[in-house]
Amino acid sequence: MPFAESLWGNLVQDLPLLVPVLFLWIVGTLMLWPLGSWLLKSMPKRQWSGITFVVLLVTLVLVFRTPAGQGFSGMFQVDGLTTGFQILAIVAAAITVILSQPQLNALKEQSVEYYALILFSTSGMMLLVGATDLVSLYMALELMALCIYILVGYLREQDRGIEAGIKYFLLGAFSSGLLVYGMSLIFAAAGGKTTNLAALNQALALAPRNAELMIFTGVILVLAGFGFKVAAVPFHMWSPDVYDGAPTPITAFLSTAPKAAALGAFVRLFGTAFNGVHGDWAAPLSFMAAASMILGNIAALRQQSMKRLLAYSSIAHVGYMLLAVLSHDAQAGAQAIWLYMLTYLLMQGGVFAVIIYLQGKGEGERIEDFRGLSKRRPMLAFAMLVFMLSLGGIPPMLGFFAKFYLFKLAIEQGFVTLTVLAFLTSAISAYYYLNVVATMYFKEAPEGEAQPMGSGLSIVVFATCLLVLVGTCLGPWLMDWTARIVLV
Amino acid sequence: MNPSLPWFQNLPLWVTAVPLIGALVLLLVPKEKRRVFELGALAITIFDFLLSVPLWFQYDRSTAAVQWVTKLDWIPSLGVKFSIGMDGISLVLFLLTTFIGFIAVWCSFSAIGERHKEYYVWLMVMQFSMMGVFICQDMFLFYLFWELMLVPMYFLIAIWGGPQKLYAAIKLFLYTLAGSVLMLVAILAIYFLQAKTTGRYDFSFESFHAMAPIIATQSRNFQILLALALFVGFAIKVPMFPFHTWLPDAHVQAPTAGSVILAGILLKMGTYGFVRFLLPIAPDATKVLLPWFLALTLIGLIYGALVAMIQKDMKKLVAYSSVSHLGLCMLGVFSMNPNGLQGAIFQMLNHGISTSGLFLIVGIVYERRHTRMIADFGGLSKTMPVYATIFMIMTMSSIGLPGLNGFIGEATIFMGAFQVHPWWAVVATTGIILGAAYMLWLYQRVMFGPLNETNAQMKDLNAREIAYFAPLVVVAFWIGLNPTPIMEILAKPVEKLVIQVNPDFYKHEELAKVQAEAAKVGMAAMAAPAHHEAAEAHESATPAAEVHGGH
């Protein structure tokens with residue numbers, strides 16, 4: 001049986017590439033199995049998040065130790081992009097896990113499954129960013145998304161939670177359908193012989209003239225599918241409601257990890273497979289980027305709820321990052337996105353930590369609740385100030401360096417109009433970020449202070465704040481590092 | 001070129017760092033100790049000013065080169081350097097900053113009633129970032145400092161401002177931010193043009209200035225868009241009509257020290273940007289757009305004066321007078337000849353002194369009466385003689401009475417403007433006349449006339465107030481009577497700038513002069529090569545210097 005033997009041989013040979021992912025699967029499965037869950041349940045609930053955090057740290061180490069290479073018949077590849085974006089996904093998951101602990105305690109909703117789902121979802125992201133084949137890409141995307149559907153609807157006794165879960169699931173499933181349909185059209189147009197991304201690029205170049213419409217339709221559908229995943233306008237409708245309804249730690253997760261992974265895959269897919277048909281998707285993607293920047297920022301101006309504000313601002317940030325996807329140079333694009341996403345998830349993690357800290361028992365997520373924070377909790381207010389300025393991209397904050405790097409790339413690629421738009425809309429964004437600052441610093445505190453929660457959280461807040469501040473000093477060097485970390 | 005100094009021997013760098021270090025020290029003091037913050041901040045700024053005085057003597061006036069140069073690698077992959085240094089133009093404004101700095105602190109002692117710690121810390125950060133703008137020689141660094149300025153200013157207005165403070169602060173922030181992001185786009189566009197044409201990735205001022213000939217070969221649209229982006233960025237900061245609307249709000253709402261810093265230094269950033277970037281980097285496009293720019297300048301000049309005239313609020317009046325005075329500065333800048341530019345920079349300095357003085361004067365009555373309405377006052381000269389004297393000096397300085405600082409700047413600007421745009425200059429003089437009118441009218445309404453009972457209770461200046469007005473008065477007279485030292489500092493850098501912007505200017509004069517000399521000596525054959533040399537002498541510019549000396 002030479003075929004089976006060689007298959008087995010290849011599998012064993014390629015397995016090292018997947019070690020971090022396999023590790024997550026094994027741990028996740030053990031957590032759910034009777035023995036594992038019995039073990040976990042025998043210890044105090046508050047240690048679960050700690051254990052999950054350690055698991056993620058181990059995964060991070062494994063990621064660093066994974067050798068570069070390609071395997072599984074060209075379905076999966078470990079390179080700079082994979083490693084870089086896997087790190088992002090793990091860091092985002094780790095932040096989420098820490099944030100989950102006090103929140104779920106307060107809601108009395110601790111469960112092993114919650115943490116296992118985060119681990120599975122993270123493994124999906126790690127596969128997604130390394131996928132070099134339409135099939136593996138789609139599978140990984142679904143693995144990631146399915147777990148998140150459940151996590152979004154996790155608070156099953158709250159109407160808002162169920163609404164968010166259902167909404168996200170239905171729209172997500174719909175977008176997956178679009179994605180698959182687009183992929184199948186492209187597969188057919190490319191001659192129906194390959195689903196490998198690199199091979200597809202060549203095949204599409206050789207496609208007959210009468211297949212042009214088919215390719216175009218396919219690419220647009222794939223674009224729409226990814227648009228849903230990263231919540232770019234006009235496929236963003238789900239995001240404010242879902243952000244609002246999901247448990248706050250999951251909102252933090254949702255706004256960073258899947259976006260990072262999807263953008264990584266986005267760059268890889270469009271930069272390699274569809275690089276030859278750049279003309280087909282450049283215009284629609286430009287439109288998506290421009291619309292996201294404008295609508296995201298303008299809609300955020302009027303929000304009263306902190307989570308909705310962050311949802312809209314997240315749409316805007318994705319709009320900026322789409323400029324990098326648009327780049328003709330996929331590698332430079334990936335680098336810019338990586339740096340942006342790294343800073344973004346730090347800041348976002350910090351902001352959500354502050355929100356959860358103030359949230360008490362699931363209440364108090366309006367901007368109003370930040371009134372007079374500078375007097376009540378000066379350090380916390382200062383941390384929030386740092387995050388807000390950084391999110392607004394005000395120099396010399398960390399966020400500025402990331403934005404600068406991204407916009408520099410966009411101008412280099414010749415998207416001057418879009419970049420000017422990006423600059424101007426980011427000036428608009430300063431308004432709502434500063435509005436939060438103004439609320440904290442210049443408005444009087446309300447009567448009767450809400451009971452804050454989780455002293456452990458304050459450590460997270462300050463650690464992130466410190467990271468952002470240190471990053472501010474290191475920002476310039478971070479830009480230099482970017483070049484080393486991500487190499488497609 | 002001066003040799004590069006190691007960073008620890010670089011005096012301007014230390015002068016810049018002192019407020020930042022001071023701010024960090026103040027952060028450690030518990031917030032109840034009001035006196036410590038006041039005196040500490042004053043000590044820091046006075047020390048800083050004294051530390052900056054030697055720069056005046058160290059500066060080598062015989063060259064246009066950037067001095068106190070220090071260059072360290074910062075982001076090698078982007079070509080960003082931590083590069084600092086100053087030429088005469090920066091030096092003058094840098095010294096103005098350290099000078100206004102301690103006055104701004106001193107005038108806040110009685111005006112600031114709450115949150116002292118934050119206030120003085122932000123004020124120190126403000127000083128640091130403003131000085132940073134003037135000493136840096138790298139676009140990236142410049143942009144960082146330029147934006148950093150906004151944050152402390154935002155807080156100064158939004159916490160310690162008047163009733164509409166939040167609105168004013170956010171308006172200031174957004175206006176300036178919108179302008180500066182456009183500027184950033186322009187900076188990046190030049191950066192990549194440079195990479196494309198010369199293969200260099202460099203953000204230094206030098207290399208940006210060296211791009212001017214290459215930019216001149218680009219398409220007309222590119223040049224004009226570039227010039228417009230830079231123009232809008234700086235025009236908002238100046239502010240020029242129609243981008244000035246943030247200014248009255250910010251000034252009126254800001255605490256006195258905030259207004260002093262705004263008027264004294266922050267507005268100079270805009271004109272500094274014009275002089276430092278727009279003119280040398282895109283001279284051709286600027287010349288194409290010049291009629292438009294000049295028109296806006298003159299509208300600002302006259303409109304500002306007219307609006308100032310009808311104000312009922314003293315502070316608003318002074319704020320609009322700033323719009324008008326900076327219009328005059330811009331007229332000098334757009335003359336693009338030595339007199340105009342020198343006068344413009346000189347006027348920036350003067351405006352910094354006289355308008356800061358006027359804001360302080362408004363602050364004095366506001367602290368005593370908690371109103372700034374002109375109608376509430378009258379006859380103050382009877383009860384407040386010292387105040388009346390200082391007010392008169394500052395008014396005269398502001399309207400350009402000979403013997404005081406304002407006159408020198410105005411006269412030089414008009415000399416420059418008449419050389420190139422006589423009709424524009426004629427129109428601009430109406431602004432000056434209006435300026436005299438609204439200032440004197442203000443003085444008359446506040447100082448003379450019947451004295452009502454509440455106003456009769458007002459105390460004259462106390463020792464502290466006299467102490468911070470005294471340096472302003474001294475400097476106003478000193479500059480007015482002896483402007484030569486500052487003119488000397490500005491001469492060479494301005495000459496270099498004119499060669500960059502308007503090379504024809506010296507070419508014509510040089511040609512005439514060389515021909516006259518040649519005719520006199522009877523060696524007409526020498527004329528041609530000498531002329532040729534003069535045209536190429538961009539860096540050394542020695543022949544041009546002679547012309548200027550005899551000018």
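Which helix gives the most to the lining of the second largest cavity? Hold that thought while I set the ground rules.

This is a predicted model, where local features need pLDDT of at least 70, side-chain atom pairs count only at pLDDT 80 or more, and totals for chains, interfaces and linings use all residues. Residues are numbered from 1 along each chain as its sequence is written, chains are lettered from A and ligands numbered from 1 in the order in which they are written, and side-chain values use heavy atoms, with hydrogens and water left out.

First, the cavities. On a 1 Å grid over the protein atoms alone, a cavity is a set of points where a 1.4 Å probe fits but cannot get out; a pocket is an open set with protein on both sides within 12 Å along at least five of seven lines; lining residues have an atom within 4 Å of a point. Points join across faces, edges and corners, and a volume is the space filled by probe spheres set on them.

Searching the whole structure gives seven cavities of 30 Å³ or more.

Helices (H or I, at least four residues) and strands (E, at least two) are DSSP runs, numbered from the N terminus. H18(A) gives the most to this lining: four residues. At least two residues each come from H18 (398–412) and H19 (416–442) of chain A, and from H5 (139–148) and H7 (165–198) of chain B.

Now the interface. Contact means heavy atoms within 4.5 Å. On chain B, 33 residues are in contact with 31 of chain A. The two chains bury about 2,900 Å² between them, 84% of it on carbon and sulfur atoms. Buried area is the accessible area (1.4 Å probe) that two parts lose on being put together, summed over both.

On the side of chain B that touches chain A, S1 (67–75), H5, H6 (150–160) and H7 of chain B each supply at least two residues. H7(B) has the largest share, 14 residues.

By class, that side has 29 nonpolar, one polar and three charged residues. Ala, Val, Leu, Ile, Met, Phe, Trp, Tyr, Cys and Pro count as nonpolar, Asp, Glu, Lys and Arg as charged, and the others, Gly among them, as polar.

Last, the largest pocket: about 2,000 Å³. Of its 47 lining residues, Phe382(A), Leu20(B), Leu24(B), Leu27(B) and Val125(B) are closest to its centre.
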